[in-house]
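Morning, everyone. Please have a look at this one, and then I'll go through it.

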Amino acid sequence: MRTYSSNRKHGLNPSPDDLPPAKRVKHLKSVKKVHSKQQTLTQLHFCIDQTILKACSRCGLSFTKGVPDDEALHRAHCAQVQKGMEWGREEEKETIKAGVVQVKTSVKLKNGRKGRIICFPADVGGKVGNKLLALLQTINRSLSSPPLTPPVLQASKAYLFLLPQETASNREQIVGCVIAQRISEAMAIAEEPTASTAAPPTIDVGEGLFCYPIPLPTPLGIPRLFVTSTHRRQGIASHLLTAAADTMIYGCKVDPRKGEVAFTQPTRDGSRVMQKWGGGSVRIYEE
Ligand SMILES: CC(C)(COP(=O)(O)OP(=O)(O)OC[C@H]1O[C@@H](n2cnc3c(N)ncnc32)[C@H](O)[C@@H]1OP(=O)(O)O)[C@@H](O)C(=O)NCCC(=O)NCCS
Ligand SMILES: [Zn+2]
């Protein structure tokens, strides 16, 4: 389970039902004794700690309810996971300085809305770099992933999908992000898990996927892939991945169906995209 709050002791007294059977009997006996003596009863005040670890069904994050800092952090995270962050005027002003390139315009989604794809070096500084940093923090928190290291960022480009806001079309929202990294090798997915018999042994990489632990030359890695939850199943991840496969390596388009693209350990949704977009030939690598 994902949590960014330290687990706190709730301070709640266990109810008889929470106690193991032996203790439960003892508890009931003591209650009986009090009644039989008919003592004067005094009002007891229970001090119930209101802090409860809650898992949000919208963003999947667990946070401590009743702790203002936790609740505020969760609210901000939840909004970003659902709707994304704004690509504002400040970022737009710095596009030339930051090396932002417009890769595709008028990219049509399944619901008919149109957006554009931009790309820039993932280790960029300034306003654009700060925006990417904030975006990656949300993505990492969502995926329970560690931050990407400086060497990985230096070898990577960020591809963002920008959609005009519904209420103000002169403003854009970042609704999808792919980090594409130059890599040298990755492992091929095995059709079925095998033990070390006649076929080469495989390793379990999660989500029902198994790989042959043999490094194969592979030029493009995808260490992060994310689409805001209210914009999923519109083709955004597929458009971003195709943009990265077509433009990441200057003058050379790479083909996921030939095993030229790899993901890091995929999630359940990620493995479905690997299957559909990559035709089952996307490889796996360690970031
Ligand atoms: C994985 C993720 C990026 C996919 O983004 P997306 O924009 O919804 O993906 P696409 O619309 O391009 O989907 C392409 C295909 O992948 C498959 N697919 C994607 N999400 C799926 C899902 N939840 N269930 C079943 N199939 C799915 C479908 O075949 C889909 O094509 P279809 O909609 O025509 O059937 C998005 O779900 C996400 O951000 N998830 C949380 C973060 C994450 O898991 N990242 C992956 C890390 S490896
Ligand atoms: Zn939430």
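How many residues of the shell around ligand 1 are nonpolar, polar and charged? Ten are nonpolar, five polar and five charged. For the classes, Ala, Val, Leu, Ile, Met, Phe, Trp, Tyr, Cys and Pro count as nonpolar, Asp, Glu, Lys and Arg as charged, and the others, Gly among them, as polar.

Before more, the ground rules. This is a predicted model: local features need pLDDT of at least 70, side-chain atom pairs count only at pLDDT 80 or more, and totals for chains, interfaces and linings use all residues. Residues are numbered from 1 along each chain as its sequence is written, while chains are lettered from A and ligands numbered from 1 in the order in which they are written.

Back to the ligand. 20 residues surround ligand 1, where near means a C-beta atom, placed from the backbone, within 6 Å. The closest are Arg-232, Ala-237, Ser-238, Thr-267 and Gly-270. β12 (220–227), α7 (236–247) and α8 (268–278) each supply at least two shell residues. α8 gives the most, six.

Overall, the protein has eight helices and 14 strands. These are DSSP runs, numbered from the N terminus: helices are H or I, at least four residues, and strands E, at least two.

Last, a helix pair. The axes of α2 (residues 68–83) and α5 (residues 126–143) come within 10 Å and cross at roughly 95°. Axes are lines fitted to C-alpha atoms over the stretch in contact, with angles from 0 to 180 degrees between N-to-C directions. So α2 is roughly perpendicular to α5, a label covering 65 to 115 degrees. The residues of that contact (C-beta atoms, placed from the backbone, within 7 Å) divide into one nonpolar, four polar and one charged.

Terms used
Angles under 35 degrees count as roughly parallel, over 145 as roughly antiparallel, 65 to 115 as roughly perpendicular and the rest as oblique.
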